[in-house]
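Let's take a friendly walk through a protein fold, one piece at a time. Have the sequence and the 3D view ready as you read.

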Amino acid sequence: EDSFDEECDYLFKSVMIGDSAVGKSNLLSRFSRNEFRLDSKPTIGVEFAYRNIKVGDKLIKAQIWDTAGQERFRAITSSYYRGALGALLVYDITRKATFENVKKWLRELRDFGSSDMVVVLVGNKCDLGHSREVGEEEGRDFAEEEGLCFMETSALENVNVEEAFLHMVNKIHQVST
Ligand code: GDP
Ligand code: MG
């Protein structure tokens, strides 16, 4: 169904950002191929994935870029952000530091990305509620202050993954067409 030859009305580039091991690659593989990996390889070897999404009567090809582990070294370059209309900014609800670093990622987004980029803040690993370090309200309040969309997800249990990406794509469609 997601054939590359299919005629699309729009191609939207988006990027995955956030600290290492928060679950960016697994969120993307869950969304694009319904796959999850328990081992923590820094990369699943893809630099981007596609999925075709119907919005109204338009067919949108969502092209989503993932880091190949270079976020460890803060070595993401401006070309990663170039042309991106959306970003999924991910933290891990069981590691406070990854939430604190969201501010740094936002600064980088504002330096390198376009100002009207749609940003969805995602608190991932909500299946690990027993080791939660960031409250859902904390995430939601911060997102509201910064004008971001917000969602808690689990790539493992496939909770809100579809919703987070589709929300981003729909919002991009609203603001850019
Ligand atoms: P990335 O470095 O941000 O791309 O993170 P990965 O997708 O490689 O995931 C890092 C580790 O977290 C891996 O061991 C994954 O199996 C695990 N992981 C990712 N998402 C979830 C999730 O929603 N729940 C749980 N429990 N583990 C997850
Ligand atoms: Mg990764």
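## Strands S5 and S6

Strand S5 (residues 118-124) pairs with S6 in the parallel sense, over 5 bridges. Here, two strands pair if DSSP finds at least two bridges between them. Strands (E, at least two residues) and helices (H or I, at least four) are DSSP runs, numbered from the N terminus. Within this pair, Asn 124 stands opposite Thr 153 in S6.

Helix H5 (residues 136-146) packs on the sheet and touches both S5 and S6. Its direction makes about 155° with that of S6. Such angles run from 0 to 180 degrees between N-to-C directions, with axes being lines fitted to C-alpha atoms, for helices over the stretch in contact.

A word on what you are looking at: this is a predicted model, where local features need pLDDT of at least 70 and side-chain atom pairs count only at pLDDT 80 or more, while totals for chains, interfaces and linings use all residues. Residues are numbered from 1 along each chain as its sequence is written, and chains are lettered from A and ligands numbered from 1 in the order in which they are written.

## The whole sheet

Now step back to see the neighbours. The open sheet has 6 strands in the order S2-S3-S1-S4-S5-S6, with mixed pairing. Its edge strands, S2 (48-55) and S6 (149-153), each pair on one side only. On average, neighbouring strands are turned by 25° against each other, direction ignored.

Which strands run antiparallel, joined by 8 bridges? They are S2 and S3, and in this pair Asn 52 stands opposite Lys 61. S2 and S3 form a hairpin with 2 residues between them, and Gly 56 in the turn has a positive phi of about 60°. Strand S1 runs parallel to S3, joined by 6 bridges, with Phe 12 opposite Ala 62 in S3. S1 also runs parallel to S4, through 4 bridges; there, Val 15 has Ala 87 as its bridge partner.

## Helix H1

Helix H1 (residues 24-33) lies across S1, S2, S3, S4, S5 and S6, running at about 45° to S2. Why is H1 described as largely enclosed by the rest of the structure? Because 7 of its 10 residues are buried. A residue is buried if 20 or more other C-beta atoms lie within 10 Å of its own, exposed if 12 or fewer, and partly exposed in between, with C-beta atoms placed from the backbone. The buried residues of H1 include Lys 24, Asn 26 and Leu 28. After H1 comes Asn 34, whose phi is positive, near 55°.

H1 also packs against H6 at an angle of about 85°, with the axes 9 Å apart. That makes H1 roughly perpendicular to H6, a label used for angles of 65 to 115 degrees. Leu 27, Arg 30 and Phe 31 of H1 meet Val 161, Glu 162 and Phe 165 of H6; residues are in contact if their C-beta atoms, placed from the backbone, lie within 7 Å.

## The nonpolar core

The largest nonpolar core has 42 residues. Such a core is a set of buried Ala, Val, Leu, Ile, Met, Phe, Trp, Tyr and Cys residues joined through C-beta atoms within 7 Å. Leu 88 and Leu 89 have the most contacts inside this core. Its largest share, 6 residues, comes from helix H6 (residues 161-176).

Leaving aside residues up to four places away in sequence, Leu 89 touches several residues, among them Ile 17, Trp 105 and Leu 121.

Technical notes:
Two residues are in contact if their C-beta atoms, placed from the backbone, lie within 7 Å. Angles under 35 degrees count as roughly parallel, over 145 as roughly antiparallel, 65 to 115 as roughly perpendicular and the rest as oblique.
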